[in-house]
Amino acid sequence: MSKSKKPDQVVFNEDTQQYDAALKPYGTSVGAPAIQVTDNSSWKTRNIHKANKQIKAKYLELKAAYDKMMEELEYNNLVYNARYTFEPIIGETYHLYRDKKEEPFLSIIAPTDCNFDYIGSFLLNSELIWKKITTETGLQSS
């Protein structure tokens, strides 16, 4: 049995043996609008720049947070490795100095009351992390 080929303008599905022009997501008649590919290069370019700016901003935000965390880690290591002969109290401010041998030591004596080589003032918080503070205001530095 020979199969006859349908004309090009007739939409016939050979697999299902049905006419399925109404099921297609595009126009199938000669009078249907032409399928045109839209140029989306300007949309892509514009959104690539927006996405890159957002990613870069997030990266800079994370990098700043990382740098701050690493600074806190260095201060914690510096204070915890310093010499002191007392048990620090949570919530109290202590002052870090260098002795004549350039070794750090922790003291309760304020920098205005002595002539030691002053490094900085630190507050021991409830998480047992040393936070560097400014001596003029007594506030934690960011």
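**Entry 1: strands β3 and β4**

I looked up how strand β3, residues 93-98, is joined to β4: four bridges link them, and the two run antiparallel. Strands and helices are taken here as DSSP runs, with at least two residues of E for a strand and at least four of H or I for a helix, numbered from the N terminus. Two strands count as paired if DSSP finds at least two bridges between them.

I note for the record that this is a predicted model, in which local features need pLDDT of at least 70, side-chain atom pairs count only at pLDDT 80 or more, and totals for chains, interfaces and linings use all residues. Residues are numbered from 1 along each chain as its sequence is written, and side-chain values use heavy atoms, with hydrogens and water left out.

**Entry 2**

In which order do the four strands of the open sheet stand? I read the order as β4-β3-β5-β6, with antiparallel pairing. The edge strands, each pairing on one side only, are β4 (104-107) and β6 (130-133). From one strand to the next, the twist averages 35 degrees.

I then turned to the helix. Helix α1, residues 41-80, packs on the sheet and touches β3, β4, β5 (117-124) and β6; contact means heavy atoms within 4.5 Å. The direction of α1 makes about 105 degrees with that of β6. Such axes are lines fitted to C-alpha atoms, for helices over the stretch in contact, and the angles run from 0 to 180 degrees between N-to-C directions.

On the other pairing of β3, I record six bridges to β5, again in the antiparallel sense. One position I checked is His95, whose bridge partner in β5 is Ser121.

**Entry 3: Asn125**

I examined Asn125, found in the loop between β5 and β6. Is Asn125 buried or exposed? Asn125 counts as buried because its relative accessibility is 13%; the classes are buried under 20% relative accessible area, exposed over 50% and partly exposed in between, with a 1.4 Å probe and protein chains only.

A polar atom of the Asn125 side chain lies 3.0 Å from the backbone nitrogen of Glu127. The backbone nitrogen of Ile129 is 2.9 Å from a polar atom of that side chain. Leaving aside residues up to four places away in sequence, Asn125 touches Ile90 and Lys131.

**Entry 4: aromatic pairs**

A search of the whole structure gave me nine aromatic pairs. Rings of Phe, Tyr and Trp (its six-membered ring) pair if their centres lie within 6.5 Å; planes under 30 degrees apart count as stacked, over 60 as edge-to-face and the rest as tilted. Tyr97 and Phe105 form a tilted pair, with 5.7 Å from centre to centre and 35 degrees between the planes. Both partners are buried, Tyr97 at 0% relative accessibility and Phe105 at 11%.

How is the pair of Phe105 and Phe116 classed? The pair is edge-to-face, because the ring centres are 5.4 Å apart and the planes stand at 85 degrees. Phe105 lies in strand β4 and Phe116 in the loop between β4 and β5, so this pair ties together parts that are 11 residues apart in sequence. Phe116 is partly exposed, with a relative accessible area of 42%. I also noted a cluster in which ring pairs link Tyr80, Tyr84, Phe86, Tyr94 and Trp130.

**Entry 5: salt bridges**

I count six salt bridges in the structure, each being a side-chain nitrogen of Lys or Arg within 4 Å of a carboxyl oxygen of Asp or Glu.

In helix α1, Lys58 and Glu61 lie three residues apart, about one turn of the helix. Their side chains meet in a salt bridge of 3.8 Å, N to O. Lys58 is partly exposed, at a relative accessible area of 44%.

Asp67 forms a salt bridge with Lys63, with 3.2 Å between the closest N and O atoms. These two are separated by about one helical turn because they are four residues apart in α1. Asp67 is partly exposed at 37% relative accessibility, as is Lys63 at 39%.

Arg98 is partly exposed, with a relative accessible area of 33%, whereas Glu102 is exposed at 55%. Through shared partners, salt bridges join Arg98, Glu102 and Asp117 into one network.

Definitions and conventions:
Polar contact = N/O pair within 3.5 Å; in protein donor to acceptor, adjacent residues only side chain to side chain.
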